[in-house]
Amino acid sequence: MKTIYLTHPHTLNKDELEPTVMALGFFDGVHLGHQQVIKTAKETATKLGIKSAVMTFYPHPLVVLRKDKQQVEYLTSMRDKESLIEELGIDTLYVVKFDEFFADLQPQQFVDEYIIGLHVKHVVAGFDYSYGRLGKGTMETLPFHSRDQFDQTVIGKVEYEDEKISSTRLRQLVQAGKVDKVPTILSRHYAVRGVVVDGDKRGRTIGFPTANVLVEDEYLMPPLGVYAVKIKIRDKWYDGMCNIGFKPTFRDDLKKATVEVNVFDFNNDIYHEQVIVEWYTRIRSEKKFNGIHELIAQLQEDKQQIQTYFQNSQECTCFFS
Ligand SMILES: Cc1cc2nc3c(=O)[nH]c(=O)nc-3n(C[C@H](O)[C@H](O)[C@H](O)COP(=O)(O)O)c2cc1C
Ligand SMILES: Nc1ncnc2c1ncn2[C@@H]1O[C@H](COP(=O)(O)OP(=O)(O)O)[C@@H](O)[C@H]1O
């Protein structure tokens, strides 16, 4: 897959681009609803014998449209989105910088420059997709703005248990700590990327070394607590247990929660390694213990519980293989 970054006004020339079927959307998470849109674009392209493309935007439109919102937390980084979309067999990914100039485009101008102008012959988008200034363009207005240059397929609401599958719903699950419910609508476990950094060097002295993961700050994080996780280190997945918290048994000065993973059946130096943490289930809240022995007893119990959990779950998702 080729990824092309565009900033308004773009300078691509329609005559030098191959005709394509394009899926349009922000696609944060690339969940089951998004997958339906992208797969339909791919299938339509195959049927028509032309190339497939996805157009997405960065950063999230809210960053530009809502001045109070400096940063949006994402379910997928641009890198995750790219590999997930590539996995669906798409030929070209357009990433359009969502800035104030792009946000200000009239709907017709967006269609002229970013659909017709990119040699798109067929558009696929969800029923509630909107485009152009103030989101004035909708799937109802798209045929009018198309100038008969392209066709369209509208994907209806994709639901799970009578509710629309959406990035918002996924965010609510993650923020509520219900990471075990995520796979039903995401089709994989929620995952974040980060790097292993130095901690207090206490873990190894109590028999539970922990990789302190500095998570890339754009990711939405689950709430504080202890979780069953899988962690990918140097191309291999391991089971483990993770605490997101402030270590109240030892510290009362931390400003930011740490993300610490005790990796099962593992004994290597992994400082500075890039890792991926996949969230399986939340087992308890963080507690302040009366000393180190109580904490160790709890960690032994946590480990037992999580090992049993993984023994009983046969599935292997691990998308980012
Ligand atoms: C699975 C797990 C659960 C934890 N639960 C708690 C807890 O409930 N309370 C607490 O104060 N610290 C908890 N911790 C954090 C430990 O206090 C921490 O790992 C230890 O102090 C080592 O820190 P270090 O890696 O910075 O050396 C937990 C850590 C792990 C891996
Ligand atoms: N099973 C394991 N789980 C996590 N980290 C481990 C493990 N075995 C060895 N390590 C290494 O030890 C470090 C953690 O030891 P710890 O004493 O908790 O130090 P720190 O406080 O710097 O995280 C990890 O960053 C990693 O390099």
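1. In this predicted model, the shell around ligand 1 divides by class into 7 nonpolar, 6 polar and 8 charged residues. The residues surrounding ligand 1 number 21, and the closest are Arg-202, Thr-210, Lys-247, Thr-249 and Lys-287. As for secondary structure, strand 14 (236–245) and helix 9 (292–312) each contribute at least two residues to the shell of ligand 1.

2. Several polar contacts to oxygen atoms of ligand 1 can be listed individually. Thr-210 places a polar side-chain atom 2.5 Å from an oxygen atom of ligand 1, and a polar side-chain atom of Arg-284 lies 2.9 Å from an oxygen atom of this ligand. Pro-248 takes part through its backbone, with an N or O atom 3.2 Å from an oxygen atom of ligand 1. Of the 630 Å² of accessible area that ligand 1 has on its own, the protein covers 99%, and the space that ligand 1 takes is the second largest pocket.

3. Ligand 2 is likewise surrounded by 21 residues, of which the closest are Gly-199, Lys-201, Thr-210, Ile-270 and Tyr-271. By class, its shell consists of 8 nonpolar, 7 polar and 6 charged residues.

4. For ligand 2, the contacts to examine involve the protein backbone. A nitrogen atom of ligand 2 is 2.8 Å from a polar backbone atom of Val-263, while a backbone N or O atom of Ile-270 lies 2.8 Å from an oxygen atom of the ligand. A polar backbone atom of Gly-203 is 3.4 Å from an oxygen atom of ligand 2. The protein covers 95% of the 550 Å² of accessible area that ligand 2 has on its own.

5. Strand 12 (211–215) and strand 15 (258–263) each supply at least two residues of the shell around ligand 2, and strand 15 provides the largest share of that shell, namely 3 residues. The space taken by ligand 2 is the second largest pocket, which is also the description given for the space taken by ligand 1.

Conventions: Residues numbered from 1 in each chain as written. Chains lettered and ligands numbered in written order. Predicted model: local features only at pLDDT ≥ 70, side-chain atom pairs only at ≥ 80, totals over all residues. Heavy atoms only, no water. Near = heavy atom within 4 Å. Polar contact = N/O pair within 3.5 Å; in protein donor to acceptor, adjacent residues only side chain to side chain. Areas by Shrake-Rupley, 256 points an atom, 1.4 Å probe, with all protein chains shown as cover. 1 Å grid on protein atoms, 1.4 Å probe; cavity = no way out; pocket = protein on both sides within 12 Å on 5 of 7 lines; lining within 4 Å. Sits in = over half its atoms within 2 Å of the grid points. Helix = DSSP H or I, 4+ residues; strand = E, 2+ residues; numbered from the N terminus. Nonpolar A, V, L, I, M, F, W, Y, C, P; charged D, E, K, R; others polar.
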